[in-house]
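Please look through the model below together with its sequence. The paragraphs that follow take up single residues before the whole chain.

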Amino acid sequence: MAVHPKGDGLICAMQNSCRFFEWDEIEESETRKLDVKVSDKTLDLLQDVGQQLALAYDTDSSTLAVGGEEGNLRIFKWPSMEVILNEDQAHSSVKDLCFSPDGKFLVSLGSRGPGRVWDVPSAKVVASLPNGSDEVFFSCRFAQSRDNSLILYIAAITGKGGSIVTWNTSSWKRLRSKHVVRDSISSFNVSPDGRLLAIGTTQGDVVVVDSSKLGVQMVVRKAHLGFVTALAFSHDSRALVSASMDSSARVTLIKEKKNGGLSWWIIILIILLAILAYFLKEEGLLPDFD
């Protein structure tokens, strides 16, 4: 499913078609509920099209991309459903889709082989993102780095577990990759401020990674009993919602990265040296200084 960026509803992929759902917000005392109902909006071009595995809106909700199990990639103007692209064999099977923040590019990942970068206005492929020999690309997201450059992050499954691969979005060259988890990745997302990456694993763990150094910042072991199927950050990037195939959902507060850890080690080392010097002097192993 994909939520409309302006909150108008969400589109869901069923077994053989897609449906759009609308909702009304209902306030009851201190709680808020959503009354979800099937929209009158018909998606005729997404009826009898087989199982769709990836759905994505661009940031301003003017474009919808849909990728199918059979490898077909479709891009529509929203809400008119005017066809921009209808590619029969974009991949053997489309697994994930992600628009760049300006909506100009769409990245598509398949069940195997390289990823592809599409120029949306021209509806043409402009770059191929080759995978390593032991890499299967799983999910992709764009984010601003701390120097304000736009980076593409791809979560990949390898023989050793899960890795993060980064790409330059001007040259579409691979920047770096780093192994971050020992289990297979089952969900992936990037925080709104671009500073954090969230990974869910097949063992139910939730892992938060610093996006600049690709170092693990926080791990919640067995956050769920089954595969972590979805992850979403709060707008301020201080909380993370995770959902699982075990029908559970939880909110994890992001711990601030602690600085000054090295200085504490220095203080402890000085204390230990002072204690050692005291005992050496008591045993007469150190000379007295006048």
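M81 sits in the loop between β7 and β8. The model is a predicted one, and in it M81 has a positive phi of about 65° although M81 is not a glycine. Most residues other than glycine have a negative phi. M81 has a relative accessibility of 10% and so counts as buried, the cut-off being under 20%.

The loop between β7 (73–77) and β8 (83–87) also holds P79. The peptide bond that joins W78 to P79 is cis, with omega about 10°. Most peptide bonds are trans.

Which residues does S61 touch, leaving aside its neighbours within four places in sequence? The contacts of S61 are H4, P5, K6 and W78. S61 itself is placed in the loop between β5 (52–57) and β6 (63–68). With a relative accessibility of 6%, S61 is buried.

A positive phi is also found at N148, which is a residue other than glycine, with a value near 70°. N148 belongs to the loop between β13 (136–144) and β14 (150–158). Is N148 buried or exposed? Its relative accessible area is 62%, so N148 is exposed, the cut-off for that class being over 50%.

Next come the cysteines. How many disulfides does the structure hold? The number is zero. For C18, the closest cysteine sulfur is that of C12, and the distance of 8.7 Å is too far for a bond; a disulfide would need the two sulfur atoms within 2.5 Å. C140 is likewise in no disulfide, and the sulfur of C98, the nearest cysteine sulfur to it, is 5.0 Å away. Both of these residues are shielded from solvent by the accessibility criterion: C18 counts as buried at 1% relative accessibility, and C140 counts as buried at 0%.

The helix is the next stop. I267 lies in helix α1, which runs over residues 261–282. I267 has a relative accessible area of 42% and is therefore partly exposed. The C-alpha atom of I267 is separated by 41 Å from that of T158, and the two residues are 109 residues apart along the chain.

Now the protein as a whole. Its secondary structure consists of one helix and 23 strands. The radius of gyration is 24 Å, whereas the globule rule gives 19 Å for 290 residues; the protein is therefore more spread out than a compact globule. Taken along the principal axes, the box filled by the C-alpha atoms is roughly 95 × 55 × 35 Å.

Of its 290 residues, 43% count as buried. Among contacts with a separation of 6 or more, 36% are made by residues 24 or more positions apart.

Terms used
Residues are numbered from 1 along each chain as its sequence is written. This is a predicted model: local features need pLDDT of at least 70, side-chain atom pairs count only at pLDDT 80 or more; totals for chains, interfaces and linings use all residues. Side-chain values use heavy atoms; hydrogens and water are left out. Helices (H or I, at least four residues) and strands (E, at least two) are DSSP runs, numbered from the N terminus. The radius of gyration is taken over C-alpha atoms; the globule rule is 2.2 Å times the number of residues to the power 0.38. Buried means under 20% relative accessible area, exposed over 50%, partly exposed in between (1.4 Å probe, protein chains only). Contact means heavy atoms within 4.5 Å.
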